[in-house]
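Let's take a walk through this protein chain, with an eye on its charged side chains. Have the structure open and follow along.

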Amino acid sequence: MVPVSASPGMRAVPGWSAFVGSKAALREPADSLRQEEAGNGVRVTSAYPAATATDRLREIRAAFGRPYDAQACISPRMLASMIVWLPAVPADSYVCEPAVLPTPR
């Protein structure tokens, strides 16, 4: 199971309380499920991707008067590949809470 939250270190954003709250609310159930289902072989990995280069992010940044640079973001293809890879980690281990960040330029 891979719940996808929001950027690592996300904080309050005026006007976005529902979004921020929904992402923050993913953490505790995921942490609980991780412990509850470990004995059944279910691995829970909470992913925390940083800004992802999408049209939606472009719109959000524009609404906040912030610049949008797709090259400074994670590509959707890379993020999808990472999320598909997480459950495929060998059975003797798993990735618990990766923060997925773009490569520094």
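Which residues does arginine 61 touch, leaving out those up to four places away in sequence? They are Ala51, Arg66, Pro67 and Tyr68, where a contact means heavy atoms within 4.5 Å. Before going further, keep in mind that this is a predicted model, in which local features need pLDDT of at least 70 and side-chain atom pairs count only at pLDDT 80 or more, while totals for chains, interfaces and linings use all residues. Residues are numbered from 1 along each chain as its sequence is written, and side-chain values use heavy atoms, with hydrogens and water left out.

Now for the overall layout. The protein chain has 4 helices and 2 strands, in the order α-α-β-α-α-β from the N terminus; helices (H or I, at least four residues) and strands (E, at least two) are DSSP runs numbered from that end. Of its 105 residues, 27% count as buried, meaning under 20% relative accessible area, with exposed over 50% and partly exposed in between (1.4 Å probe, protein chains only).

Back to arginine 61, which sits in helix H3 (residues 55-63). For charges, Lys and Arg count as positive and Asp and Glu as negative; His and the chain ends are not counted.

Lysine 23, in helix H1 (residues 17-24), is also buried without a salt bridge, and glutamate 97, its nearest side chain of opposite charge, is 14 Å away. A polar atom of the lysine 23 side chain does lie 3.2 Å from the backbone oxygen of valine 4.

So where do charges pair up? Side chains of opposite charge can pair when their charged atoms come close. The count here is 4 salt bridges. In helix H2 (residues 27-37), aspartate 31 and arginine 27 are 4 residues apart, so about one helical turn separates them; their closest N and O atoms are 3.8 Å apart. Aspartate 31 also bridges to arginine 34, at 2.7 Å. Aspartate 31 is buried at 17% relative accessible area and arginine 34 is buried at 10%, whereas arginine 27 is partly exposed at 38%. Arg27, Asp31, Arg34 and Glu97 are linked in a network of salt bridges.

Notes. A polar contact is a pair of N or O atoms within 3.5 Å; within protein, one must be able to donate a hydrogen and the other to accept it, and residues adjacent in sequence count only if both atoms are side-chain atoms.
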